[in-house]
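Let us learn to read a protein model, one feature at a time. Have the sequence and the picture ready.

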Amino acid sequence: MARQGLDRLDGRMLRLLRERPREGLLEIARQLGVARGTLQARLDRLTRSGVVTGYGPDVDVAAVGHVVQAFTTFEVDQPARAAIAVRLRAVPQILEAHVVTGPGDIWCRIAGTSNQHVQEVIDQVLEVLEVPGVRRSTTVIALSPVVPYRVQPLVDEVSGLSEPRG
């Protein structure tokens, strides 16, 4: 279960860890003016509570040749949703998939090397599914990001490092 709030030190620590992921904890602790043990204990607590979910490098899918991103919505019969989700996990080009409200039921973010490749991935998904219950799919191609995936502004607000808006 995720922790409900972050204090300012948590927010500052997470910001530095995101900005300088290769810097050692001792140096980050020095910059924050706290003992390394304090920083490690906070990081361990945030990891145990599910706030911190990973330490891997962020990878730009375009830089590895998947320059086209698309968003596909599948309309499905509700009883088939779990089986479809299992099959979607088997397709490497599906970066994420979510059950959503509204006209679609499952939303997928797909990366491809070209528009044709995205079409092939969607066709593969429909073949791989082989699960009765997919009624329709709709796909839109992403042209350019307006706001790329990010979490730091939210962390800053929750931890009190920035003023809440609204």
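Q: What percentage of the 166 residues of the protein chain count as buried?

A: Buried means under 20% relative accessible area, with a 1.4 Å probe and protein chains only. Here 31% of the 166 residues count as buried. This is a predicted model: local features need pLDDT of at least 70, side-chain atom pairs count only at pLDDT 80 or more, and totals for chains, interfaces and linings use all residues. Residues are numbered from 1 along each chain as its sequence is written, and side-chain values use heavy atoms, leaving out hydrogens and water.

Q: How many helices and strands does the protein chain have?

A: Both are DSSP runs, numbered from the N terminus: helices are H or I with at least four residues, strands are E with at least two. The protein chain has six helices and four strands. Their order from the N terminus is α-α-α-β-α-β-β-α-β-α.

Q: How are two packed helices described?

A: By the angle between their axes and the distance between the axes. Axes are lines fitted to C-alpha atoms, for helices over the stretch in contact, and angles run from 0 to 180 degrees between N-to-C directions. Take H1 (residues 8–19) and H3 (residues 36–48): their axes come within 11 Å and cross at roughly 90°. That makes H1 roughly perpendicular to H3, a label for angles of 65 to 115 degrees.

Q: Which residues make the contact?

A: Contact means heavy atoms within 4.5 Å. H1 gives Leu9, Asp10, Met13, Leu14 and Leu17, while H3 gives Leu39, Arg42, Leu43, Arg45 and Leu46.

Key
Angles under 35 degrees count as roughly parallel, over 145 as roughly antiparallel, 65 to 115 as roughly perpendicular and the rest as oblique. Buried means under 20% relative accessible area, exposed over 50%, partly exposed in between (1.4 Å probe, protein chains only).
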